[in-house]
Amino acid sequence: PPPPRFRCRGRSGSANRLSPQSAAVTGWLPHLGKNVNNQERSLPTTTRTVSTMATLMEGIIMATMNVFLNSLTLQVLVALLVGSLLSTTFKYHAKLFIILLMSFLVLVVPIPLFLFKPRWPLNALVPGIVACLFIRAFGVEYEIRGQEHINVRNGGVVLLNHQSAIDIVMLSRLLREFRNIVPVVKKELFYVLPFGIASYLVGVVFIDRQNSASAKDVMKREAVAITKDHLKLAIFPEGGRHDNDTLLPFKKGAFHVAVDAQSVIQPVVVSKYHFLDHKRKLFGRGRVIVNILPEIPTKGMTKADVNALTERCQKLMQSEFDTLSAEAKQYCHAS
């Protein structure tokens with residue numbers, strides 16, 4: 001049947017008659033709206049979930065951008081990461097700087113705790129563990145051998161070869177094995193505040209290399225601590241760091257201390273850092289093999305035996321250095 005006629009009253013109040021076609025459209029509009037609403041309700045659940053996830057992801061991205069833009073530390077870290085990917089020289093300087101900075105921070109932050117027991121070597125135990133975990137994240141791991149040669153009841157002198165500033169991390173790793181070891185360093189490091197104060201509180205011994213009389217006095221006092229407190233002094237007999245294949249000639253100060261205290265000498269050899277090339281500015285990934293050799297007694301020795309003792313230790317450590325370095329090379333990548 002034909003659709004009903006509708007009247008529409010305008011503003012003037014006059015009745016306007018709709019055409020049959022307009023009336024037909026007007027009559028079907030409510031049915032059209034109902035169909036659309038039914039289609040919206042019937043949208044798949046998956047579509048609504050995707051829409052919600054998209055909104056959530058957009059919120060996360062915006063929050064991350066705000067954090068990044070407001071965090072200078074995060075911006076610096078991202079810049080270092082990008083720079084490391086673009087330049088091996090930049091990567092070398094960045095990794096070296098960050099490792100030394102973190103070694104500095106982990107020792108400085110707990111200074112208030114060190115005050116409860118100053119000059120105690122084990123104050124540096126936890127900071128050392130953190131430093132080792134951090135350097136491992138940069139691709140450097142330590143393998144310690146010869147722990148069976150450690151006698152914590154014996155004080156003495158521990159000899160180590162010196163290669164880089166990051167040897168500080170290696171020393172902190174050895175603390176877990178020896179428990180009572182403290183390094184002997186140049187006194188200039190004491191004035192690097194507050195690092196120098198933190199180092200003093202963990203028992204580090206500072207000597208003046210330019211003043212031999214003062215250095216001898218300090219070492220005489222430490223010789224007493226070797227006997228009395230069963231302390232082990234970690235000394236770099238080469239007198240300086242290098243990355244050569246041959247160890248530098250040993251200085252005799254460490255051997256005089258051992259003979260004066262009639263204590264043991266324990267050579268500890270660290271493999272060459274093949275992953276680190278200071279000349280080519282490369283800092284890659286690799287393994288450091290540290291071998292703790294048997295103790296060498298000095299009981300009964302005199303000053304006349306110092307030269308022969310020095311030569312003996314130099315040859316022993318050079319031979320072991322060559323062996324360990326050849327083995328460690330296969331695990332290292334300087335890139």
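Axes here are lines fitted to C-alpha atoms, for helices over the stretch in contact, and the angle between two of them runs from 0 to 180 degrees between N-to-C directions. Keep that in mind as you click around, and remember that this is a predicted model.

**The whole chain**

Start with everything shown. You have eleven helices and twelve strands in the chain. Of the 335 residues, 40% are buried. Among contacts between residues at least 6 apart in sequence, 74% join residues at least 24 apart.

**Stop one: α10 and α11**

Select residues 253-261 for helix α10 and residues 306-328 for helix α11. Their axes come within 10 Å and cross at roughly 120°. Angles of 65 to 115 degrees would count as roughly perpendicular and those over 145 as roughly antiparallel, so α10 and α11 are oblique to each other. The crossing is right-handed.

Now show side chains. On the α10 side, pick F255, H256 and V259; they meet V306, L309, T310 and C313 in α11. Sorted by type, the residues of this contact are five nonpolar, two polar and no charged.

While you have helices on screen, here's a handy rule: an α-helix has 3.6 residues a turn, so residues three or four places apart point the same way.

**Stop two: α4 and α6**

Next, select residues 88-108, which are helix α4, and residues 125-137, which are helix α6. These axes come within 9 Å and cross at roughly 160°. That makes α4 roughly antiparallel to α6, because angles over 145 degrees count that way. The crossing is right-handed.

Which residues make the contact? From α4, highlight I98, I99, M102, S103, V106 and L107; from α6, highlight P127, V130, A131, F134 and I135. Of the residues in this contact, ten are nonpolar, one is polar and none is charged.

**Stop three: α6 and α7**

α6 and α7 pack at an angle of about 125°, with their axes 8 Å apart. That makes α6 oblique to α7, and α6 passes α7 in a left-handed crossing.

For the contact, α6 supplies L125, G128, I129, A131, C132 and I135, while α7 supplies V169, S172, R173, L175 and R176. Seven of the contact's residues are nonpolar, two are polar and two are charged.

**Stop four: α7 by itself**

Step just past the end of α7 to R179, which takes a positive phi of about 70°.

Jump to D208, in the loop between β6 (205-207) and α9. Its relative accessible area is 13%, and anything under 20% counts as buried, so D208 is buried. Leaving aside residues up to four places away in sequence, D208 touches K187, S214 and A215.

Then move on to D217, which lies in helix α9 (residues 212-228). With a relative accessible area of 44%, D217 is partly exposed. To finish, draw a distance from the C-alpha of D217 to that of I207: these two residues are ten apart along the chain, and the atoms are separated by 9.2 Å.

Conventions:
Residues are numbered from 1 along each chain as its sequence is written. This is a predicted model: local features need pLDDT of at least 70, side-chain atom pairs count only at pLDDT 80 or more; totals for chains, interfaces and linings use all residues. Side-chain values use heavy atoms; hydrogens and water are left out. Helices (H or I, at least four residues) and strands (E, at least two) are DSSP runs, numbered from the N terminus. Buried means under 20% relative accessible area, exposed over 50%, partly exposed in between (1.4 Å probe, protein chains only). Angles under 35 degrees count as roughly parallel, over 145 as roughly antiparallel, 65 to 115 as roughly perpendicular and the rest as oblique. A crossing is left-handed if the near helix is turned anticlockwise from the far one by less than a right angle, and right-handed if clockwise. Contact means heavy atoms within 4.5 Å. Ala, Val, Leu, Ile, Met, Phe, Trp, Tyr, Cys and Pro count as nonpolar, Asp, Glu, Lys and Arg as charged, and the others, Gly among them, as polar.
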